[in-house]
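Take a look at the structure before reading on.

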Amino acid sequence: MLARRVRQLIGALVPGLVALGADAGGGPLGIDSVLKYNQSGIWSRSNQEALQYGVILFEVAGAVWLGNDDEFGHTLWQTIDASVASGVAAQVLKETTGRPRPISGEGPDAWFKGRGNNSFPSGEVALQASFVTPIIVNYADRNPWVWALELLPLYDGVARMKGQAHWQTDVLAGWALGTATGYFATRYETPFFVQILPRGLTVGYATRF
């Protein structure tokens with residue numbers, strides 16, 4: 001059931017991202033284009049950074065405060081596992097593929113251009129997807145509204161494209177990467193960082209007050 005819902009959600013959201021590249025025809029899927037630059041209002045870089053650092057702060061502070069023995073605290077420790085894994089994987093892919101960003105002017109079919117060309121995939125979208133996926137996996141059956149959290153990677157992906165920092169396929173790849181790491185993080189009974197960090201840190205400070 002979960003897999004079907006994920007496919008339905010992706011089926012509803014991906015066409016919107018693809019449509020943003022409808023006038024192009026470049027890149028590995030033929031959908032990549034440079035969007036008109038817009039970093040004002042809701043699309044401002046400061047808002048993107050606030051979302052990025054806000055998510056990191058929320059998952060770390062929440063996990064440490066609630067602890068792994070709390071249901072939601074356990075989920076937040078899973079999001080930490082997923083976020084770190086997706087971040088490492090994204091960086092490896094960036095360094096390996098060497099894809100120039102849209103703002104470079106080199107076009108969507110340029111790859112392997114060396115250090116400093118870090119367009120593929122979007123690490124920030126991967127972060128958002130890795131954060132929301134464990135929450136959705138663990139709570140969607142009881143609270144279907146949590147599917148609305150997918151708006152976070154959707155917003156971030158559109159914002160990054162409007163900043164000419166990523167192509168459409170960069171965003172989709174980052175979304176897929178974050179979703180995959182988020183899902184697999186929920187398959188382990190004990191999160192990785194709970195295993196390696198001191199028990200005093202993962203037990204939850206809320207239990208001490």
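Phenylalanine 112 has a relative accessibility of 62% in this predicted model. The cut-off for exposed is over 50%, so this residue counts as exposed. Phenylalanine 112 is placed in the loop between H3 and H4. Its phi is near 55 degrees, a positive value in a residue other than glycine.

Glutamine 164 also has a positive phi, near 55 degrees, and is not a glycine. Its place is the loop between H5 and helix H6 (168-185). Is glutamine 164 buried or exposed? Its relative accessible area is 15%, and buried means under 20%, so glutamine 164 is buried.

The loop between helix H3 (71-97) and helix H4 (123-139) also holds proline 121. The peptide bond from phenylalanine 120 to proline 121 is cis, with omega near -10 degrees.

Now the rings. The model has seven aromatic pairs. Two of them are set out here.

| Pair | Centre to centre | Angle between planes | Type |
|---|---|---|---|
| Tryptophan 43 and tyrosine 155 | 5.6 Å | 15 degrees | stacked |
| Phenylalanine 192 and phenylalanine 193 | 5.3 Å | 80 degrees | edge-to-face |

Tryptophan 43 sits in the loop between helix H1 (2-19) and helix H2 (45-66). Tyrosine 155 belongs to helix H5 (residues 151-162). Lysine 162 lies over the face of tryptophan 43, 5.4 Å from the ring centre.

Phenylalanine 192 is partly exposed, at 46% relative accessible area. Elsewhere, Phe58, Phe72, Phe131 and Tyr139 make up one aromatic cluster.

Conventions:
Residues are numbered from 1 along each chain as its sequence is written. This is a predicted model: local features need pLDDT of at least 70, side-chain atom pairs count only at pLDDT 80 or more; totals for chains, interfaces and linings use all residues. Side-chain values use heavy atoms; hydrogens and water are left out. Rings of Phe, Tyr and Trp (its six-membered ring) pair if their centres lie within 6.5 Å; planes under 30 degrees apart count as stacked, over 60 as edge-to-face and the rest as tilted. Helices (H or I, at least four residues) and strands (E, at least two) are DSSP runs, numbered from the N terminus. Buried means under 20% relative accessible area, exposed over 50%, partly exposed in between (1.4 Å probe, protein chains only). A charge sits over a ring if NZ of Lys or CZ of Arg is within 6 Å of the ring centre and within 35 degrees of the ring normal.
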